[in-house]
Amino acid sequence: MAFDKMELQKIEVWDGNRAAAQALRQSQVDVVAAYPITPSTPIVEGYAKFLADGYIEGEFVMVESEHAAMSGCIGAAAAGGRVATATSSQGYALMVETLYQASGMRLPIVLNVVNRALAAPLNVNGDHSDMYLGRDSGWIQLDAYCPQDAYDLNFIAFKVSEDHDVRLPCMVHQDGFITSHTAQGVHTLTDDEAYGFVGEYQPMNDMLDFEHPVTHGVQTEEDWHFEHKARQHNDLMTKVMPKIQTAFDDFEKLSGRKYNIVESYDMSDADVCVVCMGTSVETAREVATEMRAKGIKAGVVGLRVIRPFPFFEIAEALKGVKAIAALDRSSPNGAAGMLFNELAGALFNTGTKALLSGYVYGLGGRDLTKAHLVSLFTELQKNVDAGKVTTPLQQFIGVRGPKLSFL
Amino acid sequence: MLEIRWHSRAGQGAVTGAKGLADVISTTGKHVQAFAFYGSAKRGAAMTAYNRVDDKVIMNHEKYMEPDFVFVIDPALVFTSDVTINHKENTIYIITTHMSTEELVASQPRLAGKKVYTVDCIKIAQETIGRAIPNTPMLGAFMRVSEMYDIEFFKESMKRILGKLPQKIIDANMLAIQRAFDEVK
């Protein structure tokens with residue numbers, strides 16, 4: 001290989017961006033086409049620097065917009081290379097058209113999404129608005145709660161996305177600033193271990209294979225469009241989860257770190273629990289432990305895989321619990337929150353009698369404090385004691401002014 | 001859990017300082033977190049950075065903090081922002097100033113009755129590094145006040161972290177750390 005290896009310490013103090021950039025280096029990504037945007041910029045900047053310093057054999061393509069960035073990634077993936085990029089917020093929004101192209105063309109691309117609020121009003125801080133925007137785009141979506149996860153999940157993403165039975169692009173989400181710019185200890189893999197895990201890129205239907213010409217980016221009208229979409233949905237519903245599980249198992253063997261499609265903490269005997277994503281999962285875990293010392297049996301469920309949605313896994317995780325709070329970090333703008341709706345759907349035909357309430361929190365980077373979570377768990381316990389939801393079904397946490405609630 | 005809040009101006013190196021400190025502490029087997037509030041802050045705007053240190057994995061990601069230590073690396077911030085916000089009874093302040101501790105406390109009544117140490121990190125940085133980058137001297141002062149690590153161990157660790165800089169700059173930083181360690185009162 002025509003590049004230098006890098007000696008890493010066993011534990012490096014990296015922020016989430018650095019962790020993701022290092023994972024792209026260790027995966028030896030062939031092409032990154034990128035247009036920088038806060039707070040994801042250091043990921044592609046990091047790749048570019050590793051490339052310039054001779055640590056990667058690849059191409060960095062500078063483009064004029066995020067739409068062009070993803071278009072470049074699509075071209076490179078169709079040509080037959082390992083491809084990745086990163087974006088956030090408005091950039092992600094501009095990419096949306098091409099996100100559907102990438103997944104519909106069944107191209108394995110890894111997109112690091114550093115979650116950030118969507119304007120207006122303009123805001124560079126973290127919430128899940130952009131992440132939610134892509135949830136019907138046909139991509140696999142993995143969610144990191146801390147820099148360690150952001151590092152590890154990139155390897156998982158390449159492994160699953162490039163599998164010839166999958167061939168679907170994959171996003172790795174991390175919280176803007178709270179993960180992306182927060183330095184924490186990250187247990188590293190050596191370059192050989194990491195590359196050994198993701199493996200050599202195995203092309204499929206690559207356009208640069210002139211012996212086997214293929215067509216990409218076709219038009220199908222009512223004669224075939226539905227069949228293509230149905231097949232894509234079928235593969236997301238049936239093929240992706242087992243591949244993710246296998247990748248998680250193999251990764252645990254390699255690193256000792258165990259990931260689950262749905263992460264459950266203190267759930268075996270929990271009466272009350274919150275279901276959330278991103279850094280909030282970890283903060284909630286700490287508070288749940290503290291609530292148990294106060295006599296409230298609290299647990300936490302985190303989504304590790306957002307798409308495909310772990311319909312059965314989440315119902316299983318919530319089987320015995322009496323009150324559930326669904327925490328959405330995105331404004332539903334005229335509906336119940338996404339998590340509230342997904343959980344309701346997953347639980348409706350099960351035997352559960354759990355009380356479900358929804359909370360909207362943390363928009364534009366607004367802090368989710370431990371104090372907020374203490375009141376939340378306390379409120380859930382009140383619901384359990386009363387045998388019904390004692391509050392409106394949708395409440396806002398941490399917004400100034402009179403308490404807001406709906407439904 | 002040990003928690004530190006830095007008061008700085010964007011560009012003075014608080015984020016680098018917080019990350020550097022986290023890096024040193026991490027090598028001793030402890031768990032660390034270093035982060036900052038950015039917003040769209042431009043160079044010169046008041047900002048805060050944070051450290052958390054614990055024996056267990058740090059899962060708390062709230063931005064709210066009641067710090068054990070407050071570092072102020074720009075002398076004017078004591079007067080233009082509230083450096084005592086969310087303080088605890090035993091919060092310790094290390095403040096960059098050309099004044100003596102008594103003069104400083106007299107000029108900012110919020111600090112009355114608090115544990116305040118002073119050191120002129122700006123002057124030290126100018127005289128050693130040649131630029132007003134007060135982050136590494138603050139860490140030298142912190143080593144003296146907290147007695148966290150032996151200063152020689154700390155300087156050796158910082159040499160590794162500053163590794164990519166020219167040798168002249170690294171040497172100047174070592175001098176700055178030592179001077180702040182010696183001069184903090």
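**Notes on chain A**

1. Helix α3 of chain A is followed by A:Gly80, which has a positive phi, near 115°; helices here are DSSP runs of H or I with at least four residues, strands are runs of E with at least two, and both are numbered from the N terminus. The model is predicted, so local features need pLDDT of at least 70 and side-chain atom pairs count only at pLDDT 80 or more, while totals for chains, interfaces and linings use all residues. Residues are numbered from 1 along each chain as its sequence is written, with chains lettered from A and ligands numbered from 1 in the order in which they are written.

2. The 14 residues of α3(A), residues 66-79, should span 20 Å at 1.5 Å a residue, and the end C-alpha atoms are 20 Å apart, which agrees; the expected span is 1.5 Å times one less than the number of residues.

3. Among the buried residues of α3(A) are A:Ala69, A:Cys73 and A:Ala77, where buried means that 20 or more other C-beta atoms, placed from the backbone, lie within 10 Å of the residue's own. The buried residues of this helix pack against β2, β3, β4, α4 and β5 of chain A.

4. A:Thr283 lies in helix α10, residues 279-293, and counts as buried because it has 25 C-beta neighbours inside 10 Å. A:Thr283 and A:Lys370 are 87 residues apart in sequence, yet 6.9 Å apart in space, C-alpha to C-alpha.

5. For chain A as a whole, the secondary structure comes to 13 helices and 16 strands, and 54% of its 407 residues count as buried.

Methods. Buried ≥ 20, exposed ≤ 12 C-beta atoms within 10 Å, placed from the backbone. Contact = placed C-beta atoms within 7 Å.
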